[in-house]
Amino acid sequence: MSLQDDLTAVRRNLNELVRSVERLERDVEGAARQAPAAPPAPRQEGMVPVPDTPYDSSLWKDADDEGLGGRDRRAP
């Protein structure tokens with residue numbers, strides 16, 4: 001392949017990329033016009049208190065220990 005062929009291929013790929021980006025921009029603009037704007041989530045400032053009391057043990061009743069498998073099964 002000659003340098004001229006390489007430049008032609010690069011130019012063709014660049015033009016296709018530009019067309020694809022333009023198409024994507026039109027699609028995003030169209031979707032933004034169709035979808036109702038979601039209200040911004042309320043922002044919470046400051047610290048969140050975490051109680052010192054123990055968690056209810058029923059929260060972990062059916063939970064597996066991560067990486068160790070279930071309580072009634074043996075690890076390989």
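## Chatting about a salt-bridge network

Visitor: Hi! What does Arg-19 form with Glu-16?
Guide: A salt bridge: the closest N and O atoms of Arg-19 and Glu-16 are 2.9 Å apart. Keep in mind that this is a predicted model.

Visitor: Where do Arg-19 and Glu-16 lie?
Guide: Both are in helix α1, and they sit three residues apart, about one turn of the helix.

Visitor: How many salt bridges are there in total?
Guide: The count is two.

Visitor: What about Glu-16 and Arg-23?
Guide: Glu-16 is partly exposed because its relative accessibility is 35%. Arg-23 comes out at 39%, so that residue is partly exposed as well.

Visitor: Switching topic: which residues make the nonpolar surface patch?
Guide: That patch is made by Leu-14, Leu-17, Val-18 and Val-21.

Visitor: Nice, and what is its area?
Guide: The nonpolar patch covers about 330 Å².

Visitor: Where is the place of Leu-17, then?
Guide: Leu-17 belongs to helix α1, which spans residues 3-34.

Definitions and conventions: Residues numbered from 1 in each chain as written. Predicted model: local features only at pLDDT ≥ 70, side-chain atom pairs only at ≥ 80, totals over all residues. Heavy atoms only, no water. Patch = residues over 30% accessible without salt bridge, like charges linked within 9 Å, V, L, I, M, F, W, Y side chains within 5 Å. Areas by Shrake-Rupley, 256 points an atom, 1.4 Å probe, with all protein chains shown as cover. Salt bridge = Lys/Arg side-chain N within 4 Å of Asp/Glu carboxyl O. Helix = DSSP H or I, 4+ residues; strand = E, 2+ residues; numbered from the N terminus. Buried < 20%, exposed > 50% of the residue type's maximum accessible area, 1.4 Å probe, protein only.
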